[in-house]
Amino acid sequence: MTSNSKLLKGKTAIITGCLKGIGRATMDLFAQNGADIFACCQFESEEFKHHIEVLSKDTCVLIYPLYFDLCDSEQIKTAIKFIRSAKRNIDVLVNIAGMTQDALFHMTTIDQLKKIFEVNFFSQIMFTQYVTKLMLQNKTGSVINISSISAIDGNMGQLSYSSSKAAIIGATKTMSIELAPYGIRVNALAPGVIKTDMTANLPIDILDKQLGKIKLKYFGFPLEVASSILFLASDMSSYITGQIIRIDGGMQ
């Protein structure tokens, strides 16, 4: 890829959940496309530190690691203070970090429900409020949220996860309406079964059942989701906002 074809050259992005999976793939792809990045993770690791050092050197972009717990509002505020101190125009926010804690409906406790919503919804809304206030200064920006097909179709044993991701869909549509006058686009992706650590622990019989529902007959890769995120972050999608896009291989 030549420098002239870098879709995010000159842009600065904030990405959560960069430690692995879709977040890691998105961070790598954004760097390869010329974006400077605030790479947000829950905790620091030597492997991640080495990875971003090599990535930054190979792609000639700046990568600022940020470590904070989405369940801690004070840590979120500290992260925002660091971002402000860097005095960069923020062009893109990608909310990827999330968690699941599966249980059937009658076995789901309210405490479990609150924990999932804290990570997958409340903290992300709070973080997005802070970041979009920075975007307002330049009257431009793209916010990409990660929902799930389980939020649209439902999925047995995932009441907490599906509900929290459905809330993301509602918030995405509302934010897109409120922020459009300020030049800020808001969209969400709804991935299907993607090969990540989250799906690697699923029983074989469940994976086989899910595979049977997919028209393309394979589970998605993190890079395939990251590529769609790249599109929504770039000027190629300048007339797209308020959309929920399925990335599921044609799952029925």
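Six bridges join β5 to strand β6 (residues 184-191), and the two run parallel; strands pair if DSSP finds at least two bridges between them. Helices (H or I, at least four residues) and strands (E, at least two) are DSSP runs, numbered from the N terminus. Within this pairing, Val143 stands opposite Val186 in β6. The model is a predicted one, in which local features need pLDDT of at least 70 and side-chain atom pairs count only at pLDDT 80 or more, while totals for chains, interfaces and linings use all residues. Residues are numbered from 1 along each chain as its sequence is written, and side-chain values use heavy atoms, with hydrogens and water left out.

β5 also runs parallel to β4, to which four bridges join it, and Val92 stands opposite Ser142 in β5. From β4 the chain crosses through helix α4 (residues 110-136) to β5 in a right-handed β-α-β crossover: with the strands pointing away from the viewer, the path from the first strand over the helix to the second runs clockwise.

Six of the six residues of β5 are buried, so this strand is largely enclosed by the rest of the structure. Buried means under 20% relative accessible area, exposed over 50% and partly exposed in between (1.4 Å probe, protein chains only).

The largest nonpolar core has 34 residues; such a core is a set of buried Ala, Val, Leu, Ile, Met, Phe, Trp, Tyr and Cys residues joined through side-chain atoms within 4.5 Å. Among the elements that give two or more residues to this core are β4 (92-95) and β5 (141-146). Met27, Phe30 and Ile229 have the most contacts inside the core.
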